[in-house]
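Dear colleague,

I am handing over the structure below, followed by an account of what was found in it. Please read the notes alongside the sequence and the 3D view.

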Amino acid sequence: MIDKFKAKFVEESLDNINDLEEALFLLENDMNNREIIERIFRAMHSLKGGGAMFGFNHLSEFTHHLETVFDLIRNDKLAVDNDIISLTFEAIDQIKHLLQVGDVDDADEKAHQLAFIQRIEKVSNTGGVNTEAPKTQSAVAESKPAEEDGSKSFLIHIKPNDDILKNGTNPFYLLDDLHAMGSAQVLAFAKEVPGLDQFQPISNYCQWQVILNTSESVNEIKDVFIFVEDECEISIEPLNSSNILNNTNLKNLVDTAISEQKLITKAQLDSLEGSSSAEDNAPKDPRKRTQLKEHKISSMRVSSVKIDELVNLVSELVTIQAQLNLYAEKSGENDIVNLAENIQKLTRQLRDNAFEISLIPLQSELMRFQRLVRDLSKELDKEIDFVIEGGDIELDKNIIEHLTDPLLHIIRNSVDHGIEMPDERIKNGKSPKGTIIFKAYYSGASVIVKVIDDGKGIDPDFIREKAIKKGLIDNKTELSRKEVFDLVFLSGFSTKDQVSDVSGRGVGMDVVKKKIGEIRGEVSLDSEMGKGTTLTLELPMTLSIIDGLLVKVASNQYVIPIANIEKIHAIDDINFGSTFSHVITIDDNQYPYIDLRETFQEEAVSKGTEQLILVKFEDKKVGLLVDQVIGEYQTVVKALGRFLKKQENISGASIMGDGTISMVIDTNRLIHNNATNKYKK
Amino acid sequence: MSINNLGMKEQFTSIISFYINKEVFAFDTLKVRNILEYDNITHVPNTKDYLLGVINLHGNIIPIADFRVMMGMENIENTQDTSIIVVSNDGKTESLIGIVVDSVKEVFDTEDINVQDSVFHGNAGLISAFEGSIHKNGEFIHIIDLDETVQEIEN
């Protein structure tokens, strides 16, 4: 967990440093610009604060001194000059370096930093820059440059088995990988290669030794061999010398080893260190290396507009690709059919990829909820543990955006209404500390998010009575337990009689339901008196592309999301013989069904060959009666726009390969709307 | 409403006129994106009766409203001349809507023509807001206020 934060901090700091550098360049041309000075100060300040928080204490301390200089400048106690700017640039390099190595207890490192700090302090104390660094310390710092970047040397011996080539492994790739980790000297040993008469092209006869200087750990090196472990003899020996590749005598040793085809030993290399002549080599500036390393960017920030655009383009491509398929099928030409199939494959991959890019982990929002619970429970004098499970679940960023407000509301409700005061909890035999569990997990093509509290729960009878009082239901209406809890989501329903400051300002769960509905999600509530309340959200993973079943109702085509479909039955008149009040018997089970022709007010075309599609609705199965099932179809869902947004049964429209339009049915809403006819509203 | 906005409202330089039930109406040309044949409308169930459905216009889903129904016209018949005028009241793609009319008449400049306050007194059904009327060749042309009309459809 903390490593994750650290990585994020480094990433953010690099942004800050970039900003800092950019601002410095600007300052160079416009030395009295207050705005730029403020900007530099701010960037330094965030580096300092973040550094201390994430355990980069050296970085924090170092930046602090730098910040002092700019604080003086900010307050007109010091004037910017070229020397200060140069010093700051140098300091930025040091910050980068510190960001890379973290806190190291290396004496040289410390001395170097101290020297630097002294230079900075001189500026802030005297108001001028002493460009000359204290000689002794800088000399010490530079005498052992290699260790400053935390790199080490290793002697690696790779002896592949004879048949390694048979598996398609190319040993050279291993060498390339090692090379990529730092600087390396490779020694090839090929004396076992037989004469041509005995030579087997699929056998391996070679082995290699690599002297590698890298800042990566032994484990990283081992990872290179992860797929060939069983096919090679690998030995990795750390060397005493930090960077033996700079050693002038190494060349002789390597040359003799190659000409004699004799393996080098660790002892040989370590003894070489004795005659090391590091001073002769121009020592590489460690900070220069740092700059080079930055080019290995593991993640980057892209504006969400660009990602939306990418997803849109991919959606267009999916539509066009369907057209191509249609054309190819019609033409019947083999070549074009093959081509269309290949494009389909690629499109699918591209689609998955593009959607993966737009997914972000829930984690990003959870901190806010944690804060909310903490602050709110303090305010209300309650003790609450907030437990998070499944924070790494990923969702489309558009969904997460829509999710935050409803979730804040739900959690607020749990803290405010759900969890009791500590003394009340003790009285009821519970631990004084309440728990709210935030849980997320995948279920098929959906993501389930639950907010579970162990508070006092909700009394179904109370809900019922209240709904009657508010005129939402008759007192004769029979409702199942689940239906009673669903009443909470009707507009104008708020269980707390007194409007509290925290939640329940007139807007209630109906808003939550509406918001979740906007992203094609469902919300439900379950509660047990005295034990607690659970709110469950079922969300689609992505909004714009779904796998659907294309069906025909009268003359129109509709798409039903496959994720919701349970089974398809062919129905004939005989089954209908026994229907009563929209219940049909199939395989000795009774299901309620909705005749889509009736719902959509279409003339029934035939009553001979109809299909019943069983879809999941909450914990039940409900049939949808259609004229004809056409087939599976990958659909790009487009919004119906502002003029048709009131249409509840349809969640969007999709353009088919031939340019016609199909309506995408929102089965949950459709069934819900049908079922809620028994409510007055 | 600011003065600027009021000023903008009057500032159309040309209009596109069309027939509905033998009356002539018009839109500001700048609000019009396309004129299409009446064809291939996909019905969207459970909507107001004047919303006929949607069409696919260059990959965009465009809703279609029948002005003939909105104006309370009876005995609606689709002919070769029946057209869809695609308009956007604020220039945004998401605001595009297709309007079904009996036939499109003409486009003409209004710069030299006096726009009078509308005295439309016939039964215009759901369309009640007009930006003004033009008297031309013995005909009155009523310029429809698209902002108001769009709002009516949206609610």
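Chain B has three helices and 11 strands, where helices (H or I, at least four residues) and strands (E, at least two) are DSSP runs numbered from the N terminus. Along the sequence, these elements of chain B follow the pattern α-β-β-β-β-β-α-β-β-β-β-β-β-α. This is a predicted model, in which local features need pLDDT of at least 70 and side-chain atom pairs count only at pLDDT 80 or more, while totals for chains, interfaces and linings use all residues. Residues are numbered from 1 along each chain as its sequence is written, and chains are lettered from A and ligands numbered from 1 in the order in which they are written.

Of the 155 residues in chain B, 36% are buried, a residue being buried if 20 or more other C-beta atoms, placed from the backbone, lie within 10 Å of its own. Taking the contacts in chain B between residues at least 6 apart in sequence, 54% join residues at least 24 apart; two residues are in contact if their C-beta atoms, placed from the backbone, lie within 7 Å.

Strand 11 (residues 139–144) of chain B pairs with strand 2 (residues 23–28) of chain B in the parallel sense over three bridges, and two strands are said to pair if DSSP finds at least two bridges between them. In this pairing, B:Phe25 has B:His142 of strand 11 as its bridge partner. Strand 11 of chain B also pairs with strand 10 (residues 130–136) of chain B, in the antiparallel sense and over six bridges, with B:Phe130 opposite B:Ile144. Strands 10 and 11 of chain B form a hairpin with two residues between them, and B:Asn137 in the turn has a positive phi of about 50 degrees.

In chain A, four strands form an open sheet in the order 2-3-1-4, with antiparallel pairing. Its edge strands, each pairing on one side only, are strand 2 (182–189) and strand 4 (232–238) of chain A. Strand 2 of chain A pairs with strand 3 (residues 207–214) of chain A in the antiparallel sense over eight bridges, and A:Phe189 stands opposite A:Gln207 in strand 3 of chain A.

Also in chain A, the axes of helix 3 (residues 57–74) and helix 4 (residues 82–101) come within 10 Å and cross at roughly 165 degrees, the axes being lines fitted to C-alpha atoms over the stretch in contact, with angles running from 0 to 180 degrees between N-to-C directions. Helix 3 of chain A is therefore roughly antiparallel to helix 4 of chain A, a term that applies to angles over 145 degrees.

Conventions: A residue is buried if 20 or more other C-beta atoms lie within 10 Å of its own, exposed if 12 or fewer, and partly exposed in between; C-beta atoms are placed from the backbone. Angles under 35 degrees count as roughly parallel, over 145 as roughly antiparallel, 65 to 115 as roughly perpendicular and the rest as oblique.
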